[in-house]
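User: I have a protein model open and want to learn how to read it. Could you take me through it step by step?

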Amino acid sequence: MARREGDKGGGGDPLAESAGGSLLGRFGGERPPAAAWFVDALAIEPERHRIAVSGTEIELLTWGTLGQPGLLFLHGNGAHADWWSFIAPFFATDYRCAAISWSGMGKSGWRATYDIATFADEALAAIDAAGLDTASAPILIGHSFGGMPLMYVGAHQSDRIAGGIMVDSFVPPPDRKPRWTSRGSPTRRYASEAEILERYRFAPEQTSAWPEIVDHIARGSTRYTEADSDGPPGWTWRFDPGLWAHMDRSGVDALVEEVRVPIALIYGAESALVSAASVAAMRRRLPHCPIAVAIPHARHHVMVDEPIALVAALRVAVQAITALGNAS
C-alpha cells in the first residue's frame with residue numbers, strides 16, 4: 001500500500017485546530033517534495049469547465065475519452081473537485097471521468113440557500129455536460145458529504161446511474177449537526193499564501209504522511225481577495241462560510257431504504273466518523289449493497305491516508321457494480 005513511516009491518517013476541516021500543529025508550516029509556502037506516482041497522476045491534467053445549474057456556475061473537471069463508461073467523483077464537505085485530481089487519472093484510460101465542486105465550495109458559485117436536491121441536480125448536470133452516460137449509465141463515487149447527493153440521485157433518479165460508491169460516507173440523522181460549523185473564522189484574511197497554507201488543518205485531529213497531497217488540496221481551498229467592504233486584501237478560504245447556516249438536509253435519512261441502485265461501501269478502518277458497526281447497519285438498510293470493505297490504516301479522508309489502496313478498492317467496487325448491470 002502507498003504508505004510512509006509515521007503516517008497518522010487524514011481528515012477534513014481546514015479551519016480546525018490540530019494537536020499535531022501545522023501540516024505545511026515547515027515548507028514555508030513552498031511545495032513539498034512529491035512521490036513519483038503523485039507527480040505522474042497530476043501530469044494527467046483534466047479539462048476544466050464551468051456549467052450553469054439553477055443560476056449558479058459549477059466547476060467541472062473531466063478526464064478520459066468520450067464514449068467510455070462514466071465515473072463521477074463527488075467530494076466532501078468544504079472540499080473541492082481537485083481532491084480527486086490525483087485519484088481520477090488512474091481510471092482515465094478505461095473510463096470517462098469527471099469531478100465537480102459543489103456550489104458553495106471550490107471554484108463554484110455560492111447560493112443564498114442550499115439543499116440536497118439541488119446538489120443532486122448539480123451531479124446530474126455534470127453527467128450531461130461531461131458525457132458520462134454516452135456508453136452506459138455512470139457510477140457515482142461520493143466521499144463523506146458527497147454520499148448524500150449520491151443517495152438522493154439513487155433514490156429519485158435511479159434510471160440515470162448504474163450505482164454508487166460511498167467512501168467513508170454516511171447519512172446523518174436529522175438532528176446531527178456538522179462538526180465544523182462553529183470552528184474558526186472562515187472569512188479571516190491572511191497576509192500571504194504561505195500563512196494561510198500554514199493554517200490548513202484536518203479534522204478529526206491528525207497528520208498525514210503525504211504532505212504533497214495536503215499541499216495540493218490546501219492550495220485549491222484558498223483564494224486571493226482584493227480589498228473590499230469585508231476587509232483588506234489577503235488570502236482566504238474558498239468555501240461559503242454561510243453554507244451550513246442555510247442548508248436544508250431534511251429527509252436525507254429516509255433515502256437509504258429508497259435507493260434503487262447498487263451502493264458499495266468503502267471506509268477507513270481507523271475512521272472517527274464511520275465505524276464497522278455503522279457500515280454494517282447501513283448495509284442492512286440498503287436494498288442492494290454488493291460489497292463493504294475497510295481500507296487498513298485509513299481514517300476519514302481515505303485518499304489522504306491510503307490513496308493507492310483507495311484506487312484498488314474503487315476498481316473492485318466499480319467492477320462489482322458493472323457486473324451487476326451486465327447480468328441484469
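User: Where is His 297 placed?

Analyst: His 297 sits in the loop between E12 and helix H8 (302-305). Helices (H or I, at least four residues) and strands (E, at least two) are DSSP runs, numbered from the N terminus.

User: Ser 54 also has a positive phi; near what value is it?

Analyst: Phi of Ser 54 is near 50 degrees, and Ser 54 is not a glycine either. Ser 54 lies in the loop between E1 and E2. Its relative accessible area is 57%, so Ser 54 is exposed.

User: What should I know about the model itself?

Analyst: This is a predicted model: local features need pLDDT of at least 70, side-chain atom pairs count only at pLDDT 80 or more, and totals for chains, interfaces and linings use all residues. Residues are numbered from 1 along each chain as its sequence is written, and side-chain values use heavy atoms, without hydrogens and water.

User: What is the mean pLDDT of the protein?

Analyst: pLDDT is the predictor's confidence in each residue, from 0 to 100. Here the mean is 89, and 88% of the residues reach 70 or more. Over residues 1-20 the pLDDT is below 50, yet this stretch has 72 contacts in the model beyond near neighbours in sequence. Residues 180-184 are also below 50, with 11 such contacts. Contact means heavy atoms within 4.5 Å.

User: How do I read a sheet? What is the strand order here?

Analyst: Two strands pair if DSSP finds at least two bridges between them. In this structure, an open sheet of eight strands has the order E1-E2-E4-E3-E6-E7-E11-E12, with mixed pairing. Strand E1 (47-53) and strand E12 (292-295) are at the edges, each with a single partner strand, so one side of each has no neighbour in the sheet. From one strand to the next, the twist averages 20 degrees.

User: How many bridges join E2 to E4?

Analyst: Five bridges join E2 (residues 56-63) to E4 (residues 96-101), and these strands run antiparallel. For Glu 59, the bridge partner in E4 is Ser 101.

User: Which strands does helix H2 touch?

Analyst: Helix H2 (residues 116-130) packs on the sheet and touches E1, E2, strand E3 (70-74), E4 and strand E6 (139-143). Its direction makes about 130 degrees with that of E1. Axes are lines fitted to C-alpha atoms, for helices over the stretch in contact, and angles run from 0 to 180 degrees between N-to-C directions. Helix H9 (residues 307-327) lies across E3, E6, strand E7 (163-167), strand E11 (263-268) and E12, at about 155 degrees to E7.

User: How do I read aromatic pairs?

Analyst: A pair of aromatic rings is described by the distance of the centres and the angle of the planes. Rings of Phe, Tyr and Trp (its six-membered ring) pair if their centres lie within 6.5 Å; planes under 30 degrees apart count as stacked, over 60 as edge-to-face and the rest as tilted. The whole structure has 15 aromatic pairs. Phe 73 and Phe 91 have ring centres 6.0 Å apart and planes at 55 degrees, so this pair is tilted. Both Phe 73 and Phe 91 are buried. The centres of Tyr 224 and Trp 235 are 5.7 Å apart with planes at 65 degrees, so this pair is edge-to-face.

User: Is Trp 235 buried or exposed?

Analyst: Trp 235 counts as buried, because its relative accessibility is 19%.

User: Which residue has its charged end over the ring of Phe 91?

Analyst: Arg 315 does, at 5.8 Å from the ring centre. A charge sits over a ring if NZ of Lys or CZ of Arg is within 6 Å of the ring centre and within 35 degrees of the ring normal.

Notes
Buried means under 20% relative accessible area, exposed over 50%, partly exposed in between (1.4 Å probe, protein chains only).
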